[in-house]
Amino acid sequence: MNTTHVLKTEQVKPNPKEEKNVFEIAGLNLWYGNDQALYDINMNIPENQITAIIGPSGCGKSTFLKTLNRMVEMVPTVKTSGTIKYKGTNIFDPKRNVEDLRTHVGMVFQKPNPFPKSIYDNIAYGPRIHGIKKKKDLDEIVEKSLRGAAIWDEVKDRLDENAYGLSGGQQQRLCIARCLAIEPDVILMDEPTSALDPISTLKVEELVQELKENYSIIIVTHNMQQAARVSDKTAFFLNGELVEFSDTNTLFSNPEDQRTEDYITGRFG
Amino acid sequence: MNGFMSKEQWKKRLNRRILVNRIFYILFFAATTIGLIFLAMLLYRVLTQGLGCLNMDFIKGFPAPYPDEAGIYAGIVGSIYLIAIVAPVSLVLGVSTAIYLEEYAPKNRISRFIQSNIQNLAGVPSIVFGLLGLTFFVYMMGFGYSLLAGGLTMSLLVLPIIVVAAQEAIRSVPNELKEASYGMGATKWQTIVRVVLPASVPGILTGSILALSRAIGETAPLLIVGAAAAIYTLPDSVFGPYTAMPIQIYSWISRPGEEWPLVAAAGIIVLLAVLLLMNAVAVIIRNKFQKRY
């Protein structure tokens, strides 16, 4: 990846031969007030792969995803215990600030949430908050990000139009482009296609496949077919516990746990 | 509806429902009309009484002992000066307070207590603010019966209204937008400046227009903090004596003689005109922001 406008304090080039972990999660518990939402999660999320998280509504999969960039702390009553190591350092370390973490670990949300600004300003938002001011640099980032999210050709002639004028699917790809503009290493996706029609969903899925080259992607989905189509690894959550985590093919063809089998064969959820 | 009621019953209920629908339409229309009738009566009375006295001499003249010589110039200038103090003071304090309460303050007992107190303050009679201003600004701070004391008292009066309006506006910014900003590593301050405030400016301005309109029309607190009823100079500094349009109108209307109410009516026309002008400016600013965001 070209890193002319690097914003990072570190940038580790991945070696595709050697499988490394981007997140190492140990003994993670999480409470909303007195209600425990996650129970003793232990898992290692590999780098430069697509990890899908599936499970029925309310199983804690979104909570888990939002814990990885500490967005879950937007809810003031949240308490956690355990450790999540991002590339070796604990993200809950008091010395580690969330702004830095979220620059490395970007996020795409369930509902497309572009800012009520122009397409250009949406993409330039991230670079600008990190201090990039030169028009030339911003132009370059905007084009690169929009190309990266496979939406450049659709919007290149109307960069100064309001992003709300785009269709839902385009808005979601714009949000992915906006995320790419901060050059994260990891992209968290929280049911990114649940608000989209099948064609737009397909485009986003194709895009996710392409992004895998350069990013580690963790995608929460309630759509099992989607998990099976796009991911390399799949984790199955149930009632706040990680039931099973393995290669997607294994999990869907030969699940170890009875509850996983019940879920993927449609017996509940 | 088969099985639950007969065809005739159903038909009867249908007619009744349509009738009720119609009645409520008429009721709401009547309510609107009553308001409009009184507004029209007010305008008619003020215009028929006041237009005769309204000329350039009235607008450019100072108060005088005779009705045909009296003018409202000192009042216009005084009111504009007052607003020039009230608008920045109350907007800066009010919006800052609203940002603190909405974005920073922990949601606990204390903040809920502060919250309900601010809402109560918005309903406190203006004369009470006048007394507060008299005690604090006029005597304790030693500002005397000055423009500054009047302006600050008015700022306190409209502050709660602006805080409540700004809070509403800030709260209505969708959470998804803030999440998007935080998700890219923005700090709270960056998120407030770049996402929250731009999106809430139209709402904040709408509330502020109402609040400042109230300030420009208030009489009672200014009487207490010593706005002059008859003054023959313009304020030379913020510590100088001053008057305001509603004070002038009030003093004219309480004078004996048949012609003074006509002068007062002319004053009301000028006051309304200035109010409309102020609101128009604010609406233009607001629309500009709505277009941008």
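Is A:Lys135 buried or exposed? A:Lys135 is exposed, with a relative accessible area of 54%. Here "buried" means under 20% relative accessible area, "exposed" over 50%, and "partly exposed" in between, with a 1.4 Å probe and protein chains only.

Hello everyone, and a quick word on ground rules. This is a predicted model, in which local features need pLDDT of at least 70 and side-chain atom pairs count only at pLDDT 80 or more, while totals for chains, interfaces and linings use all residues. Residues are numbered from 1 along each chain as its sequence is written, chains are lettered from A and ligands numbered from 1 in the order in which they are written, and side-chain values use heavy atoms, with hydrogens and water left out.

Let's stay with that lysine. The side chain of A:Lys135 meets that of A:Asp139 in a salt bridge, 2.9 Å from N to O. By salt bridge I mean a side-chain nitrogen of Lys or Arg within 4 Å of a carboxyl oxygen of Asp or Glu. Side chains of opposite charge can pair when their charged atoms come close. Both A:Asp139 and A:Lys135 sit in helix α4 of chain A, residues 135–148, and they are 4 residues apart, about one turn of the helix. Helices (H or I, at least four residues) and strands (E, at least two) are DSSP runs, numbered from the N terminus. A:Asp139, for its part, is partly exposed at 31% relative accessible area.

How many salt bridges does the structure hold over all chains? The number is 20. One of them joins A:Arg158 to A:Glu161, with the closest N and O atoms 3.9 Å apart. A:Arg158 is partly exposed at 22% relative accessibility, and A:Glu161 counts as partly exposed at 40%.

Then there is the pair A:Asp247 and A:Lys233, whose closest N and O atoms are 3.8 Å apart in a salt bridge. A:Asp247 lies in strand β10 of chain A (residues 241–247) and A:Lys233 in strand β9 of chain A (residues 233–238), so the pair ties together parts that are 14 residues apart in sequence. A:Lys233 counts as buried at 17% relative accessibility, whereas A:Asp247 is partly exposed at 39%. What else does A:Asp247 touch? Leaving aside neighbours within four places in sequence, A:Asp247 is in contact with A:Asp232, A:Lys233 and A:Thr234; contact means heavy atoms within 4.5 Å. A:Thr193, by comparison, is 54 residues from A:Asp247 in sequence and 22 Å from it in space, C-alpha to C-alpha.

A last item on charges: A:Glu47, A:Lys87 and A:Asp185 are linked in a network of salt bridges.

Now for the inside. A nonpolar core is a set of buried Ala, Val, Leu, Ile, Met, Phe, Trp, Tyr and Cys residues joined through side-chain atoms within 4.5 Å. The largest one has 45 residues, and the members that touch the most others are A:Leu146, A:Ile176, A:Ile187, A:Met189, A:Leu211 and A:Ile217. Helix α6 of chain A, residues 168–180, gives the largest share of this core, 5 residues. Not counting residues up to four places away in sequence, A:Leu211 touches A:Gly148, A:Ile176, A:Leu180, A:Ile187, A:Met189 and A:Ile217. A second, separate core of 43 residues includes B:Ile85, B:Ala244, B:Met245 and B:Val274.

On to where the chains meet. The contact takes 18 residues from chain B and 25 from chain A. The area buried between them is about 1800 Å², and carbon and sulfur atoms give 64% of it. Buried area is the accessible area (1.4 Å probe) that two parts lose on being put together, summed over both. In chain B, B:Glu179, B:Met184 and B:Arg194 lose the most area to chain A, together 35% of what that side buries.

How many salt bridges does the rule find across this interface? It finds 0. On the side of chain B that touches chain A, α7 and α8 (188–217) of chain B each supply at least two residues, and α7(B) brings the largest share, 8 residues.

Helix α7 of chain B, residues 175–183, is mostly covered, with 7 of its 9 residues buried. Among the buried ones are B:Leu177, B:Glu179 and B:Tyr182. After α7(B) comes B:Gly185, whose phi is positive, near 90°.
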